[in-house]
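Hi everyone, thanks for coming. Let me put today's structure on the screen, and then I'll talk you through a few spots in it.

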Amino acid sequence: MSDYLVKSTAANGMFRAYAVDATNLVNEAHRIHDTWSAATAALGRSLVGTLLLSTSGLQGQGRLTAKIQGNGPVEYIVCDGDAAGNVRGYVKNPHVNLPLNAKGKIDVKGAVGTEGVLSITKFTPGDKTPYTGEVNLVSGELGEDFTYYLAQSEQIPSAMGLSVFVNPDETVEVAGGFLVQALPGASDEALTKLEAAIKDLPLVSDLLREGKTPEDILKLIFKDDELKVHETLPVQFKCDCSKERFTNAMATLKPADLQEMIDKDNGAEAVCQFCGKRYQFSAAELRGMIKYQQMNKD
Ligand code: ZN
C-alpha cells in the first residue's frame with residue numbers, strides 16, 4: 001500500500017493531530033543510501049519527523065530543511081520536506097550498525113548521539129531570508145528532539161512519536177509516526193487525558209506491524225473524543241534535483257578548480273547527495289562556465 005498522512009482535529013478542536021505511514025519512503029531511502037539498521041532507523045525517523053513538521057507547519061510552496069548534527073557515528077542527517085508531502089534526506093555515514101539497546105530496540109540514540117543540535121530552516125517563497133530555529137538535542141531518539149524543537153522554537157506544545165522497524169535483511173518492515181499539537185483553548189483536563197493516552201500508546205511500529213492504519217493510530221490516541229479527519233495526503237520520497245541546479249552550483253567554483261577537472265578528468269561528475277542521481281559535465285561545459293565567469297568579471 002502507498003504511504004499516506006492523515007490530518008485531523010480532535011476534542012472539539014482542542015488538538016490538531018497527524019499520523020503517517022511512511023514505510024515505502026523510508027525503505028526507498030534505505031535502498032538509495034544503502035543504510036545499515038541503526039542508520040536506517042535514524043534517517044527514517046528524521047524523514048518522518050520532517051514530514052510531520054513540513055505538512056503541519058508550512059503552506060503553499062514553502063519548504064523546510066531539518067539538520068540533525070550529533071556526536072554519534074552517523075555524524076549528521078539532512079532532510080528536506082514540503083507542504084505537499086514530498087520528502088528527501090541523507091545520512092553522512094550510512095553504514096552504522098549497533099548492538100540493540102536495553103529494550104531490545106535499534107539504538108537510535110547511540111547512532112545519533114546525545115549531544116548536538118537539531119536545526120530547522122524554513123524557506124518561504126518570496127521571502128529572501130530563510131528562518132532558522134535551533135535547539136540542542138535532548139535525547140538523540142529524535143521524536144523527543146523534534147517535540148522539544150516545537151515547544152522551544154515555535155512555542156507549540158506537542159507530542160511526536162517516530163518509529164522504524166528494520167527487518168533482519170536490512171529492509172524496512174514499517175515506518176511511521178504521529179504528531180499531536182495542543183491549540184489555544186485546550187483545557188488542562190484534556191491535556192492530562194491526552195498525555196495519559198500517549199503514554200499508553202504502543203510503539204507506532206508495533207501498531208503498523210499489526211496492520212493498523214494512520215487513522216487507527218489517531219483513534220487509539222483520542223478514543224471516542226470527536227476525531228475529525230480533514231485530509232488524507234499521499235507522501236513520498238522525492239528529490240527535485242536537476243542538471244540545471246548542479247550547473248548553477250558548479251558555476252560558482254573557482255576557475256582554477258574547474259580547469260583542474262578539465263585537465264585531470266576531461267569533465268566532471270556531480271552526485272546528488274539526496275537521491276544518488278549522477279550528472280555528467282563535459283570539458284566543453286566546464287570551459288563554458290569558466291568563460292562565463294570571466295565575462296561577468298569584466
Ligand atoms: Zn537528487
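Predicted model: local features only at pLDDT ≥ 70, side-chain atom pairs only at ≥ 80, totals over all residues.

Residues are numbered from 1 along each chain as its sequence is written, and side-chain values use heavy atoms, with hydrogens and water left out.

So, the domains. Domain 1 covers 4-237 and domain 2 covers 243-297, with bounds from an automatic or database domain assignment. Their C-alpha centres lie 36 Å apart. In the contact (heavy atoms within 4.5 Å), domain 1 supplies eight residues and domain 2 supplies four. Together they bury about 550 Å², with 61% of it on carbon and sulfur atoms; that is accessible area, with a 1.4 Å probe, that two parts lose on being put together, summed over both. On the domain 1 side, the most area is lost by Ile32, Arg88 and Tyr90, together 70% of what that side buries.

What polar pairing is there across the interface? The rule finds two residue pairs in polar contact, both at pLDDT 80 or more. Polar contact here means N or O atoms within 3.5 Å; within protein, one must be able to donate a hydrogen and the other to accept it, and residues adjacent in sequence count only if both atoms are side-chain atoms. Salt bridges across this interface number zero, where a salt bridge is a side-chain nitrogen of Lys or Arg within 4 Å of a carboxyl oxygen of Asp or Glu.

Next, serine 139. With 6% relative accessibility, this serine counts as buried (under 20% relative accessible area; exposed is over 50%, partly exposed in between, 1.4 Å probe, protein chains only). Its side chain reaches the backbone nitrogen of glutamate 141 at 2.9 Å, and a 2.5 Å polar contact joins it to the side chain of glutamate 144.

Arginine 88 is buried at 11%, and aspartate 80 is buried at 9%. Aspartate 240 and arginine 245 form another, at 3.3 Å, and both are partly exposed, aspartate 240 at 40% and arginine 245 at 45%. Salt bridges with shared partners link Asp80, Arg88, Asp240 and Arg245 into one network.
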